[in-house]
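This report covers the pairing of charged side chains in one protein model. The sequence and structure come first, followed by the account.

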Amino acid sequence: MEDRTPVAPPHPAHDVTEHVGYRLKRAAAALRGAMDKALRERGLTVPQYACLELLDERPGLSNAELARGTFVTRQSMNVVLRGLQEADLITRPATTDHGRALPAHLTEAGRERLHAARSAVYAIERTMVDAFPQRRLAALLADLDRMAEALGG
């Protein structure tokens with residue numbers, strides 16, 4: 001038989017909508033929805049966009065490195081990379097000399113698509129940060145980092 005003793009909430013909350021996790025999920029879902037729409041109009045998915053951003057910052061990343069950086073599995077990243085390669089947005093060698101992972105690089109078309117997508121994504125982020133006082137941004141970012149670190153992320 002299950003123990004049905006009430007569990008105390010981690011902080012005062014009248015209902016689930018007042019919990020930190022609920023609010024984070026709500027914000028994340030709103031962000032994802034806005035990004036999905038904006039990126040779809042530019043022929044990209046959110047994981048594809050994230051992959052292009054990482055490759056712009058650090059050309060030559062492997063499948064595993066890209067998967068970690070975009071919060072998807074290696075198997076999912078294989079699908080993302082295949083789609084980007086078929087669209088001629090990235091290049092990867094067919095083989096490598098040293099048995100290492102295949103490094104990925106942006107093509108010129110990839111850089112152009114990223115630039116167009118980045119403008120749309122940055123506009124979404126600007127809308128989010130304009131919703132609260134600028135002086136609180138650094139504290140918000142630090143708090144979000146601490147929450148992720150507290151959970152091992």
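## Salt bridges

Arg118 pairs with Glu53 in a salt bridge whose closest N and O atoms are 2.8 Å apart. Arg118 belongs to helix α5 (residues 108-129) and Glu53 to helix α2 (residues 46-57), so this contact ties together parts that are 65 residues apart in sequence. The model is a predicted one.

Glu53 has a relative accessible area of 12%. Glu53 counts as buried because that value falls under the 20% cut-off.

Arg118 also meets the side chain of Asp56 in a salt bridge, at 2.9 Å from N to O. Asp56 lies in helix α2 and Arg118 in helix α5, so the pair ties together parts that are 62 residues apart in sequence. Asp56 is partly exposed, its relative accessible area being 33%.

Salt bridges with shared partners also join Lys37, Glu41 and Arg42 into one network. Within it, Glu41 bonds to Lys37 through a salt bridge, with 3.0 Å between the closest N and O atoms. Glu41 is exposed, with a relative accessible area of 55%.

The search of the whole structure finds 7 salt bridges. The table lists some of them, including both contacts of Arg118 described above.

| Salt bridge | Closest N to O distance |
|---|---|
| Arg118 and Glu53 | 2.8 Å |
| Glu41 and Lys37 | 3.0 Å |

As background, side chains of opposite charge can pair when their charged atoms come close.

Methods: Residues numbered from 1 in each chain as written. Predicted model: local features only at pLDDT ≥ 70, side-chain atom pairs only at ≥ 80, totals over all residues. Heavy atoms only, no water. Salt bridge = Lys/Arg side-chain N within 4 Å of Asp/Glu carboxyl O. Buried < 20%, exposed > 50% of the residue type's maximum accessible area, 1.4 Å probe, protein only. Helix = DSSP H or I, 4+ residues; strand = E, 2+ residues; numbered from the N terminus.
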